[in-house]
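Please read them alongside the coordinates.

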Amino acid sequence: REPLVRVTDLRIQLGHPAVDLVRGVSLTVPRGGTVAVVGESGSGKSLTALSLIGLLPPGVTVRGGEIRFQNRSLTHLSEREWESVRGAEIAMIFQDPLSSLNPAMRVGTQIAEMFRRRAGLSRRDALDRAVHAMAEVGIPDPGQRATAYPHEFSGGMRQRVMIAMALALRPKLLIADEPTTALDVTVQAQIMRLLTERKRTDGLTMILISHDLGVVARTADRVAVMYAGSVVESGPCRDVLATPAHPYTQGLLRAVPDRRRPRGALEAIPGQPPDPRALPTGCAFHPRCPIAQSICRTVPPQPVAVTSTRTSACHFATQVFASERVEGGERP
Ligand code: SF4
Ligand code: MG
């Protein structure tokens, strides 16, 4: 069956002279699945996500490749066309709900606005739907809470409000960009449980942008690991986390204290991600790679299939994968 989303060789650039921020990303998201996009900040994961909902920042544009959604190309939509897709077909939630909510408007009214504008409901019907939507995301006493302002909600409850708004028009795809990064661990787990539950009840497809391998391991079916604007490794989540076939993925996992229960802490890889204005030659990861050889400094590696479902863009992918399989018996 045709996947819900198919991104092919996506290129995203900034300004003049053009700087490449996303360099040929391909991504397939099956209907009902959850695909995680993982990487350090600046890897291009958020820009890739924003391009799927037509919200790239000013001056940043799609310069090549294609984005297909339900067999329709989204690559060259006008702003007007995007407005009909956003919310109704594809919705997005972000790390910081406070910045997306109007501080001066009651929460119930903000959700109701969506139903009034987009579904043409009357004021009264829209408010009823808003209260119902708040109940669906587990906000206690929603009739009462609908009259409160955003600052009167906890961070976790505000994220529930954002989820209620994102899912109000029953979109098919939800893009969640670091949805739990600002929350404490207990609330993180509650929000991820809510998303998983809504995925099941609404038949939702999800793209999860995260730097937290723990969240990814518990939530995603497939994972794409991004570095310097490219996907360096992709495959079924379990397999990639158990036997990574790229030195960068290995580094991310080594930064995790216990590989059976991975958690955050990507900064433990020595060095910094490169400046997109001055990318290293050859493999962009070579200055940080513990096994780099001279070919890595001159020849950019292409993705190779290490199994029928997995790719790795490394000159030594096969060797890295083989060594992981030898030592990796008891990992997740
Ligand atoms: Fe490391 Fe070379 Fe592989 Fe790049 S291509 S990840 S530098 S071994
Ligand atoms: Mg980001």
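1. A residue is taken as near a molecule if its C-beta atom, placed from the backbone, lies within 6 Å of that molecule. Ligand 1 is surrounded by Pro 247, Cys 283, Phe 285, His 286, Cys 289, Ile 291, Ala 292, Cys 296, Pro 301, Cys 314, His 315 and Phe 316. This shell divides into 10 nonpolar residues, two polar and no charged (Ala, Val, Leu, Ile, Met, Phe, Trp, Tyr, Cys and Pro count as nonpolar, Asp, Glu, Lys and Arg as charged, and the others, Gly among them, as polar).

2. This is a predicted model, in which local features need pLDDT of at least 70 and side-chain atom pairs count only at pLDDT 80 or more, while totals for chains, interfaces and linings use all residues. Residues are numbered from 1 along each chain as its sequence is written, and chains are lettered from A and ligands numbered from 1 in the order in which they are written.

3. The largest nonpolar core has 96 residues (buried Ala, Val, Leu, Ile, Met, Phe, Trp, Tyr and Cys joined through C-beta atoms within 7 Å; buried means 20 or more other C-beta atoms within 10 Å). Ile 111, Ala 130, Ala 164, Ile 175, Ile 207 and Val 216 touch the most other members. Helix H7 (residues 155-167) gives the most to this core, with eight residues (helices are DSSP runs of H or I, at least four residues, numbered from the N terminus).

4. Gln 188 lies in helix H8 (residues 185-202). Its C-alpha is 28 Å from that of Pro 270, 82 residues apart in sequence.

Conventions
Helices (H or I, at least four residues) and strands (E, at least two) are DSSP runs, numbered from the N terminus. A residue is buried if 20 or more other C-beta atoms lie within 10 Å of its own, exposed if 12 or fewer, and partly exposed in between; C-beta atoms are placed from the backbone.
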